[in-house]
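My notes are below the view.

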Amino acid sequence: MRPSYFVSTPIYYVNGAPHIGHAYTSIAADVLARWKRLDGYDVFFLTGTDEHGQKVEKAAAEAGLDPQRFADRVSADFRAMAARMAISHDQFIRTTEPRHKASCTALWQRLAAAGHIYLGAYEGWYAVRDESFYDEGELTTRADGSKVAPTGAPVEWVREPSYFFRLSAFQDRLLAFYEAEPDFIAPEGRRREVVSFVRGGLRDLSISRTSFRWGIPVPGDPAHVMYVWLDALTNYITGCGFPDPEAPLWRFWPADIHLIGKDILRFHAVYWPAFLMGAGVALPRRVSSNGWWTVEGEKMSKSLGNVIDPLKLIETYGLDQVRFFLMREKPFGADGSISHAAVVLRVNVELANDLGNLSQRSLSLIARNCDGRLPPRGDITADDATLLDAAASLPGLLRERIDRQVFNEALEEAWKVIRAANVYIDRQAPWALRKTDPVRMAAVLRVLADVLRAVATVLQPFMPGSMAAMLDQLGVPEDARDFAALGAPLPAGTTLPAPSGVFPRIVEPTA
Ligand code: ME8
């Protein structure tokens, strides 16, 4: 039986249009899902939309729509974005679906039955934009006297009856869990932040609201709706069929990885495991958080008007170019900046020159000099062996980096081989061998075809469309594109289609 692998994205709030931050986490999750499928895993990839809560209710009111109609519309935009970005999720979950309400109700009942929930009253600060409660000490006071959360979100004073989850009782169990599972939180710096936050002591968490209606009713007390984060986090088990232990997808739980943004780490690394511990459900294996994108060095915000629409970006540069840039430009966990100049540089240097030219040069030499057929392997020289070995080690090298979510380093490993292949082709100069030693010329071109095949195979998760085109041109059948298939060389004589460029250069208008 194939091992299973469950990867999730955050479910996105339907209060506004998808932006590049959403696209980023989804693309990273897609790279993981595609990688694991090619590596022999039975994959479950879950994404979707977070539709309840005060923030969505407010956005719907501003749009003059009832919250459900509004959520239907914006959720459809997120679904369309996923399709446009070639996101290969297996399921798109919406928190307004009946199965999710049933799942949240069951989780609540389990927590209540175990004595982890009590009724009280909440009095304190709340930021609707973050859907989060804050302590006085976390806030800063602005010049005009108003208070803001550490995220910059405005806060309001809330006072209402509320159910509480006994989070304070989970401090020791959580600390023991972080200690026993050092890989649970990535990157390492954030793990330390979470551990010290929990060491500082945990207060019980307000998990219901009474001042608005847009949420899942609390079982037995419909004057309350569940706190949107309890509702949202539960999506990950709803997706697997919770609470039915016989559900076919339950085999995927616990999740192998939740990919999230650094802003929502506390919810995933503290509250979520505590809820699951309380309900006696297994804990996810890893929560990996990504850093923040800024635009041309500035924070992305509606007021600055610089929010990047992923669809426009794709229109301008091409889908695979955007996927590549986002995964290549910065470490997953770190912050980074998108700028036109940086995208052009990556596309022109790494895609068009390094990879595009290598493939175009190699394949057109084969087309012209080998009758358009894959040449046989010849005697392997030391130079050939070095390059072939480097190519053969790619799956292992990338796997190790992808398992740590350092996608940029995974790509660097592939580019080391691509750059070495460019040096090799210049040194071997197969075009010059055509007259002097056609047998050696064929052998060199075969080495290049094999190296390109390995490179294109491991790059499929990052750039699925262009790498499929490249593998077509290399004559690799569709059922021989996973990592295991790399062990079996293609038969010599395979007819190759006419080569055509995969990555055009971006030509800037001259001023
Ligand atoms: O937080 N750079 O939803 P959300 C990088 N519904 N990533 C960014 C980003 C940026 N500038 N802006 C957003 C929620 N993101 C909750 C999640 S999960 C149970 C519930 C990404 O619509 C990042 O992954 O605000 C962040 O965590 C996610 O979008 C949040 O999207």
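These entries cover a glutamine, the open sheet and a hairpin.

I worked on a predicted model, where local features need pLDDT of at least 70, side-chain atom pairs count only at pLDDT 80 or more, and totals for chains, interfaces and linings use all residues. Residues are numbered from 1 along each chain as its sequence is written, and side-chain values use heavy atoms, with hydrogens and water left out.

Entry 1. I looked up Gln91 and found it in strand β3, residues 91-94 (strands are DSSP runs of E, at least two residues, numbered from the N terminus). Gln91 counts as buried at 15% relative accessibility, because buried means under 20% relative accessible area with a 1.4 Å probe, protein chains only. Its side chain comes to 3.2 Å from the backbone oxygen of Gly239. Beyond four places in sequence, the contacts of Gln91 include Phe44, Arg99 and Leu249 (contact means heavy atoms within 4.5 Å).

Entry 2. I traced an open, parallel sheet of six strands, ordered β3-β2-β1-β14-β15-β9 (two strands pair if DSSP finds at least two bridges between them). β3 and β9 (185-186) are the edges; each has a single partner strand, so one side of each lacks a neighbour in the sheet. Within this order, β14 (257-261) and β15 (287-290) are joined by four parallel bridges, and Gly261 has Asn290 as its bridge partner.

Entry 3. I then checked Tyr126. What stands opposite Tyr126 in β8? I found Glu156 there, and Phe133 opposite Tyr126 in β5. β4 (117-127) runs antiparallel to β8 (156-165) over ten bridges, and pairs with β5 (132-134) over three antiparallel bridges. Four residues separate β4 and β5 in their hairpin, and Glu131 in the turn has a positive phi of about 45 degrees.

Definitions and conventions: Buried means under 20% relative accessible area, exposed over 50%, partly exposed in between (1.4 Å probe, protein chains only). A polar contact is a pair of N or O atoms within 3.5 Å; within protein, one must be able to donate a hydrogen and the other to accept it, and residues adjacent in sequence count only if both atoms are side-chain atoms.
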